[in-house]
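Subject: Structure handover

Hello,

Here is the structure we spoke about. My notes on it follow below.

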Amino acid sequence: MEAFCYRDGQLFAEDVALSAIAERFGTPTYVYSRAQIQAQYQAYAAALAGMPHLVCFAVKANSNLGVLNVLARLGAGFDIVSRGELERVLAAGGEPDKIVFSGVGKSRDDMRRALEVGVHCFNVESTDELERLQQVAARLGLIAPVSLRVNPDVDALTHPYISTGLKENKFGIAIDQAEAAYRRAAELPNLQVIGVDCHIGSQLTNLAPFLDALDRLLALVDRLAAQGIHIRHLDLGGGLGVRYRDEQPPSPGDYIRAVRQRLGDRPLALVFEPGRSIVANAGVLLTRVEYLKHTAHKNFAIVDAAMNDMARPSLYQAWMGLVPVQPRQQAAQHYDVVGPICETGDFLAKDRELALAEGDLLAVCSAGAYGFVMSSNYNTRGRAAEVLVDGAQAFEVRRRETLAELYAGESLLPE
Ligand SMILES: Cc1ncc(COP(=O)(O)O)c(C=O)c1O
Ligand SMILES: N[C@@H](CCCC[NH3+])C(=O)O
């Protein structure tokens, strides 16, 4: 489905014109489509029908309570990496026993709270973490369900900053040390081994690395079974890519069909932790042109969104689509679309052909994942509003940060 499309000469989110959203809520504003989030979640759930599974949305991709609530109502699970994400999921109505807890740096406090609420599984990333989890669980008199996150050493063929499954990355337990780690976990009285986990990177557009990692994990599951350690679920992480420009990533259905074929008759449940593929194309960042600046070398469109609102272009040189909300019938020019922040690296798009005037609205496409969640207050800019569209209705699911909030909690030195 296409949640964002042109009608009557302007861009709509479902049945709401983006110009009306800008009018009502101001800019910059993130706009999400409920129908698109639902459709992407259902693509995973439908492909997993008929077998035990959990689709755990990776909260890091978009942690807005409204968005999490849409997914919780569909019965989604959640993949979290911090206490903060845990509290968000609970506040949004997520079920604790569908939460998997990932991350290399879980504190004792993180573990305690997750044990108390009863998460589905801890994805443990080191042997020291196993020992710590044992201590915390023993003190509470509880049993911690665990998977070991295995680092299978496969090249995800993606940007180096978002590749996680190579032996030089900080994530997981090296696959050649995994069996010893499992034997240790099986000895610890307050741990219950239930799964194997891996996550090799993000924005993968090719199935081969996923299937390569899967083969290595299945071989490990078989070796563990021979030693009497029986794995109940396989968690393949997230990572499925989306189309930003001309990428042709496999669909969740194609991916899951290929995975199911390889399981054979092993009685394994499947867990996925998709983030980007659920929400990226369910969101845009709406921004307004403040100035057009023409120099001898370049044209700049200076807009009211900046790298503090959307970091991906500056941080990863990511190419993101950028389209006018109300296209003009006049000659286009080449523009660098930049924000007001005092850094040359503050750009949203470079060298785009656009017909623009001051005051025009633009939409940064595919901004629903790793957009608002990576925003900051750099240059003491307030964070954008977030709006969730459902059919003909638009709900402000996070209001714009106020000026007073920008320095709340800070204080002057005493006299
Ligand atoms: C452990 C883990 N699970 C899931 C995800 C979600 O990945 P993606 O948004 O690429 O689906 C990530 C981020 O890459 C991750 O680190
Ligand atoms: N922040 C990255 C994805 C990180 C994936 C997290 N493990 C991006 O915007 O592409």
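Pro 28 sits in the loop that joins helix 1 (18-25) to strand 4 (29-33); helices (H or I, at least four residues) and strands (E, at least two) are DSSP runs, numbered from the N terminus. The peptide bond leading from Thr 27 into Pro 28 is cis, its omega being near -5°.

This is a predicted model, in which local features need pLDDT of at least 70 and side-chain atom pairs count only at pLDDT 80 or more, while totals for chains, interfaces and linings use all residues. Residues are numbered from 1 along each chain as its sequence is written, with chains lettered from A and ligands numbered from 1 in the order in which they are written.

Most residues other than glycine have a negative phi, and most peptide bonds are trans. Asp 153, in the loop between strand 9 (144-151) and strand 10 (173-174), has a positive phi near 55°. Thr 380 also has a positive phi, about 45°, and lies in the loop between strand 19 (361-364) and strand 20 (385-390).

Asp 153 is partly exposed, because it has 18 C-beta neighbours inside 10 Å. Thr 380 is exposed, with 9 other C-beta atoms within 10 Å. (Buried means 20 or more other C-beta atoms within 10 Å of the residue's own, exposed 12 or fewer, partly exposed in between; C-beta atoms are placed from the backbone.)

Around ligand 1 there are 16 residues, of which Ala 58, Ser 202, Gly 238, Gly 275 and Arg 276 come nearest; a residue counts as near if its C-beta atom, placed from the backbone, lies within 6 Å. The shell consists of four nonpolar, nine polar and three charged residues, where Ala, Val, Leu, Ile, Met, Phe, Trp, Tyr, Cys and Pro count as nonpolar, Asp, Glu, Lys and Arg as charged, and the others, Gly among them, as polar.

Regards
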